[in-house]
Amino acid sequence: MLQDITFGQFFPGNSILHRLDPRTKIILLFVLMILIFVADGTAAYGFLTCATIFLIAVSKIPPITILKSLKPLMLIILFTMIIHLFSHDGEILAEFWILKITDEGIKFGVLLSLRLILLIVLSSLLTFTTSPIKLTDAMEKLLSPFAKFGVPAHELAMMMTIALRFIPTLIEETDKIMKAQKSRGADFESGNLLQRLKNFVPILVPLFLSSFRRADDLAMAMEARCYRGGAGRTHMKQLFLTRADFFAVFAVILICAATGFLSYEI
């Protein structure tokens, strides 16, 4: 159940995506996200889907792992499709009371659901192929120009990385608490929606206590190691751009050009 949620985890490997500079991956991820929002038409989204499948193959991450990253947001994806299914005019294909399913509704529902899936998969590929330490260094480097305006680049990067790193830990902790509660007779599956929500209250309290305890332990560990922020700190491993990074930038430029052509020319 909860152990199937893989978002925020890192899978060590030696693929091309693993070897790319994390700064390159973050920038190209934002470019692809913008591209997904501005793309238009079935052909453009079909091309972006093929490009995403190619990236999954290049990353050497098991496809089942990618599918597990969609599990937490599957209800949102289905809700998006259902809403658009009945909210667009067009040729009526089926009718239930005051609800009408149209061809345009199906088209927009599928395209917008596909947009969400592509966003989730591409974001997951970033965390699957980049270690938390490299993510911290990359975000600090990217935010460092804003330090002139008083933006604490190192602290912001550290907070974002710690939050991302603790997602799998909290999921694991929640699963342990649920199993402990079930062994004591708790029931999380029967009853209506309101009853199920009430049954989760015994999980939230120990989960919050465990989170605060872990945060306190982390703060003490950082203080014991004389952590005082980013001022004057150096990095054991420096980030360097390689030929693979320039090739990745060129490939994304081609993807943008092809998507733009398919969106506005066909």
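# Close-up views of a predicted model

View 1. Helix H2 (22-38), helix H3 (42-59) and helix H6 (103-129) each supply at least two residues of the lining of the largest cavity, where helices (H or I, at least four residues) and strands (E, at least two) are DSSP runs numbered from the N terminus. On a 1 Å grid over the protein atoms alone, a cavity is a set of points where a 1.4 Å probe fits but cannot get out, a pocket is an open set with protein on both sides within 12 Å along at least five of seven lines, and lining residues have an atom within 4 Å of a point. This is a predicted model, in which local features need pLDDT of at least 70 and side-chain atom pairs count only at pLDDT 80 or more, while totals for chains, interfaces and linings use all residues. Residues are numbered from 1 along each chain as its sequence is written, and side-chain values use heavy atoms, with hydrogens and water left out.

View 2. The whole structure holds three cavities of 30 Å³ or more, and the largest has a volume of about 70 Å³, a volume being the space filled by probe spheres set on grid points that are joined across faces, edges and corners. Its lining consists of Leu-32, Ile-36, Leu-48, Ala-51, Thr-52, Leu-55, Leu-118, Leu-122 and Ile-255, and H3 gives the largest share, with four residues. Sorted by class, this lining has eight nonpolar residues, one polar residue and no charged residues (Ala, Val, Leu, Ile, Met, Phe, Trp, Tyr, Cys and Pro count as nonpolar, Asp, Glu, Lys and Arg as charged, and the others, Gly among them, as polar).

**View 3. The second largest pocket.** This pocket contains about 500 Å³ of space, and of the 22 residues that line it, the closest to its centre are Leu-17, Leu-20, Leu-55, Ala-248 and Val-252. Helix H1 (16-19), H2, H3, H6 and helix H11 (243-264) each supply at least two lining residues of the second largest pocket, with the largest share, six residues, coming from H11. The lining of this pocket divides into 19 nonpolar, two polar and one charged residue.

View 4. The structure holds three salt bridges, each being a side-chain nitrogen of Lys or Arg within 4 Å of a carboxyl oxygen of Asp or Glu. In one of them, Glu-173 pairs with Arg-214, and the closest N and O atoms are 3.0 Å apart. Because Glu-173 lies in helix H8 (residues 153-183) and Arg-214 in helix H10 (residues 201-224), the pair ties together parts that are 41 residues apart in sequence. Glu-173 is buried, at a relative accessible area of 14%, whereas Arg-214, at 31%, counts as partly exposed (buried means under 20% relative accessible area, exposed over 50%, partly exposed in between, with a 1.4 Å probe and protein chains only).

**View 5. Two further salt bridges.** Asp-175 forms a salt bridge with Lys-179, with 3.4 Å between the closest N and O atoms, and these two residues are separated by about one helical turn because they are four residues apart in helix H8. Asp-175 is buried at 10% relative accessible area, while Lys-179 is exposed at 52%. Asp-21 forms a salt bridge with Arg-23, the closest N and O atoms being 3.0 Å apart, and both Asp-21 and Arg-23 are buried.

**View 6. Confidence along the chain.** The chain averages a pLDDT (the predictor's confidence in each residue, from 0 to 100) of 81, and 89% of the residues score at least 70. Confidence is highest in H2, at a mean of 92, and lowest in strand S1 (residues 92-96), at 69. Where pLDDT is low, the predicted coordinates should not be read in detail.
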